[in-house]
Amino acid sequence: MLLLPLLRTPPPRAAARPPSVSFVNPLEVDGFGEDGGWGSHAAPSRLPLLLFLPGMDGSLTTPFMQYPELGRAFELACLCHADGLASRASFDQLADDCAAFVASQLGAGRQVLLVGESFGATLALGVLARLRAEESPLGVCLVNPATSYGRSALRRIGPSCAALPPPLYALSLLLLAALVLEPAQLPAFLALIASVRAPALLNRPEREAFLGRVALSAMLGVARGPQFAIGELLRVQIFSADDLAFRLSHWLEAGAAAVEEYLPRVDVPMLLIAGENDRLLPSVDEARRLMAMWPEKVRRGIVVVPAAGHASTLGTQLDLSAELFLAFGHELGANERGNPPSQERRPTGLATSGDDSFIWSNGLVRRTYEPLPVQEYGEWNRGGKKFPL
């Protein structure tokens, strides 16, 4: 894993302990063969910094299809749990360390957007609560926020799964996976595997090779080596029953309780994104609850992603970069017409007028090129024959 020197977490403000988190740009690992696809920019400090906070498993996999498009307009900084530290860090420690990093970037004159998914959304709110008024980010996007943990299916069954003996605990993970995944996504997955269609965000050879490398190295685990280094960064880690019990109690439950009192005081522009079919958390209802707490000047709308489950909300149906610019374009200096309407809406970034090849339920489009041979995937990234000089 290549950690960016610019993005290393500074020491906490008033503590001698080592930081529990670090930050990485996934596109710096092995890039992809598109102009600017290496992840670095000529003057990255002039770009807004997009800070992504993942769910309780710490995986950076769920938004991976968004990285290439996000990398065009933002410098990415994704939270990584420090080995052996974050697994037993408290919610307050994680929030303190993330807030210290955000404050350091704001203090250096950077524009910062926060995007938190699931537990990461709760953590983003904890970060906001720790920042001084002059340290506020431009905006915050919460995806399937786990502030709803106390009213969720995960709260009802998660602690019981964590208390099971090893053989039964392994089986219980299948139950949790069934709540995280969405069966309605299966046709899209089959169309993708069969090379019939491609995600609208990745519908070009350079980005398909990126998708293929992630699938082979991070998801299937069948590819290794320097041209597939991104697999080590994005691979989903299955943690023990003890870790699950700790994170449910000390991260999700404690975190939701810690930020609840702060919620009515939120004064930073907020965008909420929820998967329509999220069965792990009541995400649509929670998005409506949170938005109703805030004044009109804070509301930047609720985006309900159709047919999306907990893990697929940031998948093929959504152009996160487009939604961020629609919601926060005024703050980013890209929208002179002002802020968008604050009502609930469907995703806006992928549909194109008159495009009958667009499938609204899964965000896939007809290919504009022949499928790449699998053996070429590693040639479209840094060090490969098809990577631009």
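Why does Glu-232 count as partly exposed? Its relative accessibility is 48%, and partly exposed covers the span between buried (under 20% relative accessible area) and exposed (over 50%), using a 1.4 Å probe and protein chains only.

A word on the model before going on. This is a predicted model, in which local features need pLDDT of at least 70 and side-chain atom pairs count only at pLDDT 80 or more, while totals for chains, interfaces and linings use all residues. Residues are numbered from 1 along each chain as its sequence is written, and side-chain values use heavy atoms, with hydrogens and water left out.

**Salt bridges**

Side chains of opposite charge can pair when their charged atoms come close. Here a salt bridge is a side-chain nitrogen of Lys or Arg within 4 Å of a carboxyl oxygen of Asp or Glu, and searching the whole structure turns up 23 salt bridges. Three of them look like this:

| Pair | N to O distance |
|---|---|
| Arg-367 and Glu-208 | 2.6 Å |
| Arg-235 and Glu-232 | 3.0 Å |
| Glu-260 and Arg-289 | 3.0 Å |

Take Arg-367 and Glu-208, which form a salt bridge. The pair links distant parts of the chain, 159 residues apart: Arg-367 is in the segment after β10, and Glu-208 is in helix α7 (residues 205-219). Both Arg-367 and Glu-208 are buried. As for naming, helices (H or I, at least four residues) and strands (E, at least two) are DSSP runs numbered from the N terminus.

Then there is the salt bridge between Glu-260 and Arg-289. Glu-260 belongs to helix α9 (residues 241-260) and Arg-289 to helix α10 (residues 283-293), so this pair ties together parts 29 residues apart in sequence. Glu-260 has a relative accessible area of 31%, so it counts as partly exposed; Arg-289, at 24%, is also partly exposed.

There's a network too: salt bridges link Glu-34, Glu-69, Arg-72, Arg-204 and Arg-207.

**Around Glu-379**

Glu-379 sits in the segment after β10 (364-366). Its relative accessibility is 21%, which means that Glu-379 counts as partly exposed. Leaving aside neighbours within four places in sequence, Glu-379 is in contact (heavy atoms within 4.5 Å) with Gln-227, Gly-384, Lys-385, Lys-386 and Phe-387. Gln-227 is 152 residues away along the chain, yet its C-alpha atom is 7.9 Å from that of Glu-379. The side chain of Glu-379 also reaches the backbone nitrogen of Lys-385 at 2.8 Å.

**The sheet and its helix**

Now for the strands. An open sheet is formed by 8 strands in the order β1-β3-β2-β4-β5-β7-β8-β9, with mixed pairing; two strands pair if DSSP finds at least two bridges between them. At the edges are β1 (21-24) and β9 (344-345), each pairing on one side only. Strands β2 (residues 49-53) and β4 (residues 112-117) run parallel and are joined by 5 bridges. Within that pairing, Phe-52 has Val-115 of β4 as its bridge partner. Helix α11 (residues 320-332) packs on the sheet, where the strands it touches include β2, β4 and β9, and its direction makes about 165 degrees with that of β7. Such angles run from 0 to 180 degrees between N-to-C directions, and axes are lines fitted to C-alpha atoms, for helices over the stretch in contact.

**Helix on helix**

Helix α3 (residues 119-130) packs against α9 at an angle of about 40 degrees, their axes 9 Å apart. On the α3 side the contact is made by Phe-119, Thr-122, Leu-125 and Gly-126, and α9 brings Trp-251, Leu-252, Gly-255, Ala-256 and Val-259.

Key. A polar contact is a pair of N or O atoms within 3.5 Å; within protein, one must be able to donate a hydrogen and the other to accept it, and residues adjacent in sequence count only if both atoms are side-chain atoms.
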